[in-house]
Amino acid sequence: MEELPLPPGFDAAKVQQAMRAFVSALGQDKVFLEDEDRIAYHDKFAIDDTHHLPLGAVAPTTVEEVQAAVKIANQYLLPLWPISRGKNLGYGGNAPLLSGSVVLDLSRMKKIEFDPESGVVTLEPGVGFYDLYDYLKQHDLPFWLSTPGNSWGSVIGNALDRGVGYTPYGENTKNICGLEVVLPTGEVVRTGMGAFPKAPTWGVYPFGFGPGWDQMFVQSNFGIVTKANMWLMPEPESLMGMDVEFDKPEDLKAMVDTIGPLRRERVLTQSPSIGNWLRAAAVVTRRNEWTDKPGALSDDVIDAIRKKFNIGWWGVSLRLYGREEINKAAYKVLEKAMNDIKPMLIKPTSWVKGQPKEHSGWTGTPMTFPMQNVNWYGGRGGHIGFSPIIPQDGTKALEQFNRTYSRYKEYGMDYQGSFAFGERHLINVNAMIFDKDDAEKMKRIDPFFRALVKDAEEMGYGEYRTHLDYMDLVAKTYSWGGGALNRLNEKVKDALDPNGILAPGKSGIWPNRLRKERGQ
Ligand code: ADP
C-alpha cells in the first residue's frame with residue numbers, strides 16, 4: 001500500500017476512524033479508500049503528479065447522505081472536495097486542491113425532471129450532457145443543450161465552473177435559475193423562489209426576494225449544490241451561418257472589431273470563438289507527421305499544415321438561431337460584414353427543423369473529439385489552459401495575441417489560442433498541450449504559465465477560471481484595495497464554514513483554520 005496523503009492534523013488511525021464513520025453512515029459501497037481509488041481520483045492532466053492527492057472518496061446518492069457526509073467531515077475536521085462528474089480536465093479533473101481531502105463524488109445523483117411548458121430542467125449533479133441529451137431524445141422534447149468541447153462532464157459542474165458552450169445559451173452559468181445547496185454546516189437551503197414551500201416559479205424567476213445567491217455558489221467553496229434548475233433553449237426553426245477562414249495573424253484585429261458590434265447589437269446571439277489553425281489541426285493530425293524539430297513550429301511547417309487542411313491562420317464559425325425569415329435577413333448582414341474584411345474562405349451552412357442535424361457544438365450535440373488535441377505531441381497527452389478575460393477590442397486582442405505568441409516561442413511551445421466572444425468581453429483561451437512522458441518539456445510548463453499570468457496582470461487582465469495549481473496565484477492578481485475581494489470571500493467562508501471543511505483553497509478562498517496552507 002502506498003503512503004496515505006493525510007489531511008492536516010490527521011494520522012493513519014484518525015483516518016481509519018473517519019472512514020469507519022463514513023461506512024456506517026453511507027454503507028461500504030459508497031466509500032473508497034484503496035490505492036486504486038486514489039489513482040481514480042487523481043488529476044490525469046496534472047503537471048506535477050505529487051500535487052492534489054485525494055485521501056479517498058465518498059459517493060452519496062441522496063441529499064440526506066450528503067448531509068451525513070458533511071456531519072462526519074465537521075466532526076473530524078476532514079476536508080471534503082465536491083465534484084459532480086469530475087471531468088473538469090485541464091482545471092484539475094476530479095482531484096481536490098488540498099492533498100488529503102476526501103472527494104465527495106456526486107456522480108451517482110442522476111435525477112432529471114423537466115417542465116416542457118417553461119423549458120426548465122431540474123437536475124442533480126451527476127447528470128452528464130450525454131444523459132440529458134438522451135433524455136430529451138427519448139421523450140421527444142424539442143429543446144437543445146449548449147455543450148462544451150468536452151461534453152463528458154455534468155451540466156451542473158460545467159455551469160458551476162463557468163464553462164461555455166456555443167449556442168445562444170452558451171454561458172451555462174447564466175442558465176441557472178435556483179439552486180438547492182447543502183451548506184458546510186449541513187443545513188439545506190433553496191435559493192430564489194425555491195424558498196417557497198410550494199414553488200411553481202422556482203425555475204422561472206432567478207432573483208427571488210432580497211439578495212440573489214445563485215452566483216455565490218459558483219466557483220466558490222460555500223456550499224454543495226445538490227439540485228439546479230437550468231433553462232434550455234427551445235429548438236429553433238432554423239439554424240444558419242458560416243464558417244469563415246482568415247489568412248494572416250493580423251486579421252484578428254478586423255475579425256474582433258467586426259464581430260464584436262454584431263454580438264453587442266445581438267444580431268449574433270451565440271458566442272463565436274475565433275481559433276487559430278492548431279485548434280482545427282490538432283484534432284486531425286499529429287506533430288510528428290510534420291516535423292521532428294523541437295521548439296515552436298516554424299512558419300513554413302505551419303503553412304504546410306494549413307495548406308493540407310485548407311484552413312486559415314484563424315477560423316471562426318458564426319451561427320444564427322430562430323425564425324427562418326429573420327435568420328435569412330441577418331445572414332445577409334453577416335455575409336456583407338465578413339466580405340468587407342476579406343476572408344480567405346466563407347463556407348455557408350443552413351438547417352431547418354425536420355432535417356438531420358449536424359453533430360456539433362452549434363446544435364448542442366455532446367462531443368469529445370476536441371479532446372483529441374492532447375495527442376498532438378504523442379505520449380501521455382494532457383493540457384491546461386491560460387484564459388484571461390480581455391476587452392472586446394481588436395487592437396487589444398491583437399496585442400494580447402502578439403505578447404502571448406512570443407511567450408509560446410520563448411518556451412518552445414506550439415501556439416493554440418482562441419478568442420471567445422461573450423456579450424461584452426473576450427475569453428482568450430491559450431491551451432498548453434503537453435506530453436507527460438516528455439520530462440524536459442513538462443518542466444517548462446509551470447514557468448511558462450506563470451509568465452503568462454504576470455504579462456496579463458500587467459495589462460489588468462485576470463483569468464476567468466484556472467487549474468488547482470494556480471488558484472492562489474490567480475486569486476492574488478485580483479488585488480484591488482489590498483485584496484479586499486479575497487478578504488470578503490474569506491469572511492463569508494468563515495461565517496458559513498466555521499470548521500473549514502469544504503473545498504479549502506478553492507478559488508484562493510481558505511478557511512481560517514487552514515490559511516497557512518495558502519500558496520503551498
Ligand atoms: P464536470 O462534472 O462537468 O466534470 P466537475 O465535477 O469536475 O465538473 O466540477 C467542476 C468544478 O465545480 C470543480 O471545481 C468542483 O469542485 C465544482 N463542483 C462541481 N460540482 C459541484 C457541486 N455539486 N457543488 C459544489 N461545487 C461543485
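Colleague: How far is an oxygen atom of the ligand from an N or O atom in the side chain of Lys506?

Modeller: This is a predicted model, where local features need pLDDT of at least 70, side-chain atom pairs count only at pLDDT 80 or more, and totals for chains, interfaces and linings use all residues. Residues are numbered from 1 along each chain as its sequence is written, and side-chain values use heavy atoms, with hydrogens and water left out. For the ligand oxygen and the side chain of Lys506 the distance is 2.6 Å.

Colleague: Which residue has a polar backbone atom 2.8 Å from an oxygen atom of the ligand?

Modeller: The ligand has 19 residues around it (a heavy atom within 4 Å), and Ser84, Arg85, Lys87, Ser154 and Lys506 come nearest. A backbone atom of Asn88 lies 3.3 Å from a ligand oxygen. At 2.8 Å the backbone atom belongs to Gly86.

Colleague: What area is buried between domain 1 and domain 4?

Modeller: An automatic or database domain assignment puts domain 1 at 12-105 and domain 4 at 471-517. Their C-alpha centres are 21 Å apart. Buried area is the accessible area (1.4 Å probe) that two parts lose on being put together, summed over both. Carbon and sulfur atoms give 73% of the total, which is about 990 Å².

Technical notes:
A polar contact is a pair of N or O atoms within 3.5 Å; within protein, one must be able to donate a hydrogen and the other to accept it, and residues adjacent in sequence count only if both atoms are side-chain atoms.
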